[in-house]
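Please keep the sequence and the model at hand while reading the points.

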Amino acid sequence: MKTLLIVADQFYGESELFFGKDFTILQASYLIPDNSTFDDCYKLFSPYTEIIIVADSESSTLADSVKRLAVRGGLTGTILATICQSVADISLLLLPENAANFTTVLKPYSSWPALKKDAELQPKEPFPLHCLPEAAREFCQAVSDSTNTPIDFAAVSALGCMSGAIGASTRLEVKSGWHDHAVLWLAIVAEAGSAKTPVQTLMMKPLREIQGELSARFQQAAKNYDAETDDVKPNLEVALFGDCTVEGLYKSLASSQRGGLLVSDEITGWIQSHNKYQKGGNDRQSYLSLWSSTAVSVLRKLDGICFIPLPVLSIVGGLTPSSLPSLHGGNEDGFLSRFLISCPDKRKQTYSDVGVSEGAQYAWQLFIKHLWNIEPETNGGGIWLPATVKLSREAQALFKKFFNDIHTVIDSETLPSLFRGSFSKAPSQAARLALVIHLGRQACGEESSSSLVSAETMDSAIQVTNYFLSHLTALETGFDAGLTRAEVIRQKILGWLKRYGAKYPNRPAKRSTLRHDCRASLSSGELINDRLLDQTLDTLEEQGLIKLNPVQSESGRTFRPEIIIRPNL
């Protein structure tokens, strides 16, 4: 008969005196949670034919929890709840008639240190809402309260809506020869069903209304068009793009010099549609050049060469954590580095009685339309020439420091190669954000100068840029490609430890077993370098995920290192 002894925390120290081969002793604080799955319950209870619970009268809830879990795991044996008050009571329980037959036992290891969390485990900071213009701050908060979603969802969507409304009307001159436009590519990483789409729908409503007005204007113009008397055929201006082909996008950008915003509920689907209608096409490369707003000439079958002097396109959408590698594409071609990525901590969805008032929606609509109505300059041929905004002297100093700080990080050995492109583009991203925030604050009456970006605005843009960089690096383990060999080994070893701990609860693992089991998956059949393995295990120990326990051999001459895995790792 195999017995599992579950001991309340206050008796665990005393029960350690009675470890034996007939008992597996588990401290109550390491019991699996009440909402555990059948598989977890089965793994814990299936090896035993009897469960004994050691607790006092104040710990009676422990017995109830154990019974629920045992039934869920299909236990067919008996469950005994024993009330103990002292070590004498435990000895009577474990040593009946003083006939002990105890030699070894599988035990959990207590006194685990607090988990030292690394980047991918740390709670991520929320979006710095104070950095946005007043109109955006208020509406984002209203939407977040109504949908009970992280403020990040609304704030990132707000940036997309603002940049789409600004379009090609204005540019920022960082210095002579360096200009950036209001082009932001934004991605919200969250699980399916996290209410990204309802938030996006509310935030994009003003742009949809603008697009409705443009469509109505086009329909009226097309109705009044006379091919014999009218020289110019009406074209539909597009402010809000859905998922479309590159050819269709170029056509719209050619007729809409202002540019606009591409909204994709699932960025992964948009990426997968590249080259869908053209084998051997280069859609991905076309989008890469669009991020820089580089003039482009397109050869079209019906219309000949189409020239777009200033293509300005912002993008906003969502994707699930499992879809992250699609941004990378298997080789860092610069696609990932163009995106500003937000991955807020998961929030449980609960119904909110709070709605978004008509007044709040109307104020947001007026704000976006104000940005849409910003007039650019034009040359004699009708080609748009964006109005130019420059940095104030104080803003230039902040930007210079940010630029140098970013390149100090890039030059260090701590930054994974996967993120070097994103960091190298961070100064340009900060400049674009500064332009969007500046024009938004100007619309709200918060900027003293219409032509100079203030230090306050530049500081806000840098804070927002750092927010996106911190969220990107927190997602390091979500990308399968671009990791260093040390990073891959760390992930693989941690995964092996979790599987081993689930299969053999409370049983120490040997380094030799770890090295043997992971050999093929870690290094393509090559032996794992001992130094790298030791460094990885030392790191995991520092984080409180494992303990390294030297066990002396029977001869007493050598030590066999064992890996003790944190319970419920």
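1. Basis of the note. This is a predicted model, in which local features need pLDDT of at least 70 and side-chain atom pairs count only at pLDDT 80 or more, while totals for chains, interfaces and linings use all residues. Residues are numbered from 1 along each chain as its sequence is written, and side-chain values use heavy atoms, with hydrogens and water left out.

2. Salt bridges. A salt bridge is counted where a side-chain nitrogen of Lys or Arg lies within 4 Å of a carboxyl oxygen of Asp or Glu. The count by this rule is seven. One of them joins lysine 390 to glutamate 173, with the closest N and O atoms 3.9 Å apart. Since lysine 390 belongs to strand E16 (residues 387-391) and glutamate 173 to strand E5 (residues 170-175), the pair ties together parts that are 217 residues apart in sequence. Helices (H or I, at least four residues) and strands (E, at least two) are DSSP runs, numbered from the N terminus.

3. A buried salt bridge. Arginine 432 and aspartate 180 form a salt bridge whose closest N and O atoms are 3.0 Å apart. The arginine lies in helix H16 (residues 426-443) and the aspartate in strand E6 (residues 178-181), so this pair ties together parts 252 residues apart in sequence. Are arginine 432 and aspartate 180 buried or exposed? Both are buried, where buried means under 20% relative accessible area, exposed over 50% and partly exposed in between (1.4 Å probe, protein chains only). Lysine 390, by contrast, is partly exposed, at 42%.

4. Glutamate 237 and arginine 217 meet through their side chains in a salt bridge (4.0 Å, N to O). Glutamate 237 is in the loop between H8 and E8 and arginine 217 in helix H8, 20 residues apart. The relative accessible area of glutamate 237 is 32%, which makes the residue partly exposed, whereas arginine 217 is exposed at 51%.

5. Aromatic pairs. Rings of Phe, Tyr and Trp (its six-membered ring) pair if their centres lie within 6.5 Å; planes under 30 degrees apart count as stacked, over 60 as edge-to-face and the rest as tilted. This rule gives 11 aromatic pairs. In one of them, phenylalanine 127 and phenylalanine 468 have ring centres 6.4 Å apart and planes at 75°, so the pair is edge-to-face. Phenylalanine 127 sits in the loop between helix H4 (87-94) and helix H5 (134-147), and phenylalanine 468 in helix H17 (residues 455-474), so parts 341 residues apart in sequence are tied together.

6. A stacked pair. The ring centres of tryptophan 496 and tyrosine 500 are 5.0 Å apart and their planes meet at 25°, so the pair is stacked. The two residues are four apart in helix H18 (residues 485-503) and are therefore separated by about one helical turn. Tryptophan 496 and tyrosine 500 are each buried.

7. Leucine 475. This residue is found in the loop between H17 and H18 and counts as buried, at 13% relative accessibility. Leucine 475 lies 132 residues from cysteine 343 in sequence, but their C-alpha atoms are 7.9 Å apart in space.
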